[in-house]
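Load the model in your viewer and keep the selection tool ready. This tour goes stop by stop, with what to select and what is there.

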Amino acid sequence: MLSTLALAAAIQLPAQAQELVPGTRYDPDIPTLEEVAGHGFRDVVTPPDDVIRYMEALAAAAPERTRLIQYGESWEGRPLVVLVIGSAERMARLEEVKAGIARLADPRGLSDEEAETLVAELPVVTALMHAIHGDEISPSGAAMAEAYHLLAAMGDPDVELIFSESLVLIDPLENPDGRNRFVYQNEVAEARWPDEARVSAEHDPPWPGGRGNHYLFDLNRDLFIQSQVETRGKVDIFLEFRPHIVADLHEMGGDATYFFPPTAPPSNPWFGERQVALMDVFGEAIAARFDERGFAYFNRDVYDLFYPGYVDMWPMGYGALGMTYEQAGAGGLRLRQSDDDLLTYGDGVLHHFTAGIETALTSARNRERILRDYLAYLREGVELGERGPAEIVLHSAHDPGMAERLALMLVENGIEVFRASGPVSVGDRALSAESSFIVPLDQPAHRFIHNLLDVHVPMEEEFVQRQIERRANRQPDEIYDLTAWSQPLLWDVEAIETAATGARGAPLTADDAAARPEVGGGGDSGAGGGSTAPLPEALVGYLVPWGTNGAAAVAEALREGLRVRAAGAEFTLDGRRFGVGTAIVRAAENGPELRQRLAGIAARHRAEVVPIDDAYVREGMSLGSRRVRGLREPRVLLVYDAPGGSYSVGWARYVLERRYGQRTTAVRASSLGRARLSDYDVVVFPSGNYGGAVGDGLVDGLRGWMRDGGTLITMAESSRWASRAGLLATETERRGGRAESDDPPEPDTPEQPIEYLDAISPEDESPEGVPGAILRTLLDTEHWLTAGTDGEIGVLVQGSRVFRPITLDEGTNVGRYADLESLVLSGIVWEESRPQLANKAFLIHQPVGRGQVVAFAEDPNYRAYTEATQLLFMNAVLLGPGR
């Protein structure tokens with residue numbers, strides 16, 4: 001407790017000091033937020049520009065103790081920065097310090113003596129990350145307060161210890177675009193006085209809210225896939241500074257208090273026991289500080305330690321300790337909670353500030369233990385790779401570009417990957433060098449590699465059994481996120497564990513990964529790509545095998561005005577088999593600059609181009625067959641806004657615009673009736689129930705448009721809506737296989753004595769939900785929608801949608817889930833779900849006049865890392881029009 005004298009001194013302190021740590025004296029040469037932005041840390045939801053301006057002001061005021069690093073720009077052009085804070089002596093030799101940190105992070109060849117020297121000399125690196133969700137507003141206020149306190153506090157022994165033992169990285173605003181959207185919407189709706197009612201306009205922002213970034217992604221699920229520019233820069237900073245402690249500061253529902261670890265079960269088995277044990281050290285320290293200040297909190301509930309794609313979980317793959325902190329969110333300046341307590345924005349700032357500073361202090365106090373645990377984790381990873389299989393070979397015979405893209409994704413995560421130097425022998429198979437990439441397992445990222453590439457990452461059996469019991473009683477499960485994310489399954493790439501192949505060639509580099517076209521601007525001419533090698537002269541023209549890279553190259557070629565045709569069936573030419581969808585670019589149809597133009601496009605997308613001087617096919621479809629279709633750049637309308645799910649809308653828009661470089665017109669659902677459908681070839685309905693937004697007249701208009709050649713694409717909940725609206729000639733099922741349109745069954749008179757669980761089960765329920773698992777899905781390889789695939793993929797299934805297969809007179813089940821015995825590839829699928837899902841439809845093609853409906857049972861663009869189903873989606877967009 002404060003003494004009377006200390007309390008009196010605190011009362012006389014300036015307001016800025018009183019709101020942070022009572023009794024602290026602050027250096028007047030370090031600017032306060034009020035001096036820079038005109039308000040205090042706890043008074044106003046600071047706009048993103050002012051957050052950055054304040055961090056710049058702090059860096060300018062204390063240049064010897066700070067480095068302000070801009071690590072990227074958001075999609076909307078706002079800077080992404082991290083403020084590095086350390087002692088003047090340490091910051092003067094920052095590059096030397098970073099070199100030592102990097103050496104500790106790769107202990108291969110590191111002697112015990114060298115390790116001891118590094119542990120004795122190196123600082124612990126603590127990263128405090130803030131506001132990855134734009135509508136979680138208090139973390140950025142806390143970030144500015146943390147930086148101010150560390151730089152301005154005078155004579156504070158805790159701050160002195162932090163400077164002595166550590167470097168602190170403060171990212172004040174991970175999602176500036178989302179925060180800008182929130183601040184704007186909040187200011188538009190705010191009343192004369194801050195409104196406490198959660199139903200008020202300032203607490204009820206319009207779609208899509210501020211949570212996501214420009215593309216409406218949840219950036220806290222993007223860490224390993226790095227589809228978003230905000231994430232790529234963040235991971236670069238993580239790889240540059242290798243933080244040992246990472247705390248990510250969030251907000252949760254307004255009726256909660258404050259959460260910090262230890263976490264709830266389950267724990268990811270690839271994270272180390274030392275890391276998990278260290279959580280208690282931080283939990284106890286923060287709890288003591290919160291108890292001292294009278295702040296309520298909870299632990300071991302809700303938030304788990306399983307999915308590796310969070311900001312705090314990604315560093316766990318490299319031996320760091322990652323932690324999520326969650327503050328009850330006021331959603332504005334004041335919120336009346338359901339128990340009639342008042343929660344303010346300022347409360348959240350103070351709670352997060354307190355947790356952040358205590359985290360940095362606890363890191364400093366435990367510097368040596370943290371560094372030793374970190375080193376031990378990485379050494380164990382190398383040793384595990386030396387004892388077991390030596391390598392994982394990534395291979396795709398039908399789409400080498402997909403294997404390369406997966407390899408490059410690993411490189412972006414700091415994982416070593418090598419090209420094959422020649423044919424790769426795996427068992428009795430000889431894999432081509434062009435389609436194979438080698439991941440050595442004797443590297444520090446050993447556990448992280450398994451976490452991303454293994455078919456299945458198990459949950460604790462005790463936890464799973466408890467979820468089965470809860471579901472039997474119709475209680476929600478406690479699974480926080482997905483139960484499966486295996487990247488090879490979702491990319492349709494083999495990941496083969498093997499002994500040393502002796503085929504390691506040149507390493508893939510970060511420059512290779514950075515040259516991907518979507519990083520450089522979505523395949524725009526001149527952006528990204530590798531070196532442009534001239535194409536040979538070709539008398540007839542060029543073939544582009546269809547696949548992830550080929551489809552992206554064709555999208556750009558069409559956008560640039562090249563005449564492209566697509567094969568509607570397989571054919572063999574010069575002894576090589578070419579699949580459905582193979583692009584045919586004839587020299588006679590494209591002018592004298594074809595070689596140069598196509599070479600540039602191919603280089604940007606790493607697409608294979610095969611010159612042909614002879615079009616005489618001896619097996620399969622002829623190149624002049626009626627099954628060859630001319631393509632044109634599709635005119636795409638993406639239905640935007642509510643009732644579409646914001647994530648689904650954002651994923652689709654990103655995949656179209658950035659991943660494949662397809663020009664797209666986003667039309668709000670409320671304005672769809674004003675759009676002239678004849679101006680578009682493709683209409684995409686992201687997941688959502690459009691029953692209230694699309695009336696009977698517009699449904700009839702869509703039918704007429706399809707009869708004239710339009711392609712309608714639906715997914716997940718919009719496929720369910722299309723079925724209800726009569727646009728899709730199949731139905732979803734209720735539990736037990738009953739059609740959704742059937743009348744509920746008459747209740748049976750139960751026999752006596754009753755079976756308790758049967759007696760309490762509702763008569764009419766949705767199918768048992770799938771908590772994010774990967775199901776084996778079989779594809780019709782003769783259908784154009786499956787171009788670029790080999791007939792079997794993994795599909796990420798989440799939710800309780802079950803679609804009956806369409807009948808042969810209505811259309812084609814292009815993709816269906818496998819039979820019961822081979823259905824589940826990865827993750828948890830409850831026993832009650834499996835029989836109902838087996839052999840049900842995933843991808844339906846239904847002709848309508850000269851057009852069609854293409855319906856997906858799940859979202860094919862999920863989080864932008866379900867690459868195989870994204871290709872199916874783009875097949876519908878690129879190959880559907882004109883069929």
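Start with strand S19 and strand S24 (residues 610–612): 3 bridges join the two, and they run antiparallel. Select Tyr-542; its bridge partner in S24 is Pro-611. Strands here are DSSP E runs of at least two residues, helices are H or I runs of at least four, and both are numbered from the N terminus. Two strands pair if DSSP finds at least two bridges between them.

A note on the model: it is predicted, so local features need pLDDT of at least 70 and side-chain atom pairs count only at pLDDT 80 or more, while totals for chains, interfaces and linings use all residues. Residues are numbered from 1 along each chain as its sequence is written, and side-chain values use heavy atoms, with hydrogens and water left out.

Tyr-542 has Val-585 as its bridge partner in S23.

**An open sheet**

Now select S22, S21 and S25. These 3 strands form an open sheet in the order S22-S21-S25, with antiparallel pairing. Strand S22 (576–578) and strand S25 (619–620) are the edges, each pairing on one side only. Between S21 (residues 571–573) and S22 there are 3 bridges. Zoom in on Thr-572: its bridge partner in S22 is Arg-577.

**Salt bridges**

The structure holds 62 salt bridges. The criterion is a side-chain nitrogen of Lys or Arg within 4 Å of a carboxyl oxygen of Asp or Glu. For burial, buried means under 20% relative accessible area, exposed over 50%, and partly exposed in between (1.4 Å probe, protein chains only).

- Select Glu-96 and Arg-93. Their side chains meet at 3.5 Å, N to O. Glu-96 is exposed at 53% relative accessible area; Arg-93 is partly exposed at 28%.
- Select Arg-211 and Glu-136. This salt bridge also has an N to O distance of 3.5 Å. Arg-211 lies in the loop between helix H10 (176–189) and helix H11 (229–241), and Glu-136 in the loop between strand S4 (124–130) and helix H8 (138–152), so the pair ties together parts 75 residues apart in sequence. Arg-211 is partly exposed at 26%, whereas Glu-136 is buried at 5%.
- Select Lys-234 and Glu-174. They meet at 2.9 Å, N to O. Lys-234 sits in helix H11 and Glu-174 in the loop between strand S6 (166–171) and H10, 60 residues apart. Both are buried.

Next, select Glu-136, Arg-211, Asp-218, Arg-221, Asp-481 and Arg-863. Salt bridges with shared partners join them into one network.

**Nonpolar cores**

Which residues have the most contacts inside the largest nonpolar core? They are Leu-394, Ile-415, Phe-685, Ile-713, Tyr-865 and Phe-873, in a core of 250 residues. Another core, of 14 residues, lies apart from it and includes Phe-571, Phe-578 and Ile-612. A core is a set of buried Ala, Val, Leu, Ile, Met, Phe, Trp, Tyr and Cys residues joined through side-chain atoms within 4.5 Å.

Centre on Ile-415. Its contacts (heavy atoms within 4.5 Å) include Tyr-318, Val-439 and Phe-448, not counting residues up to four places away in sequence.

**Last stop: two helices**

Select H23 (residues 646–659) and H28 (residues 867–879). They pack at about 75°, with axes 11 Å apart. Axes are lines fitted to C-alpha atoms, for helices over the stretch in contact, and angles run from 0 to 180 degrees between N-to-C directions. H23 and H28 are therefore roughly perpendicular, the label for 65 to 115 degrees. At the contact, Val-655, Leu-656 and Arg-659 in H23 meet residues of H28 including Phe-873 and Met-874.

Conventions
Parallel < 35°, antiparallel > 145°, perpendicular 65-115°, else oblique.
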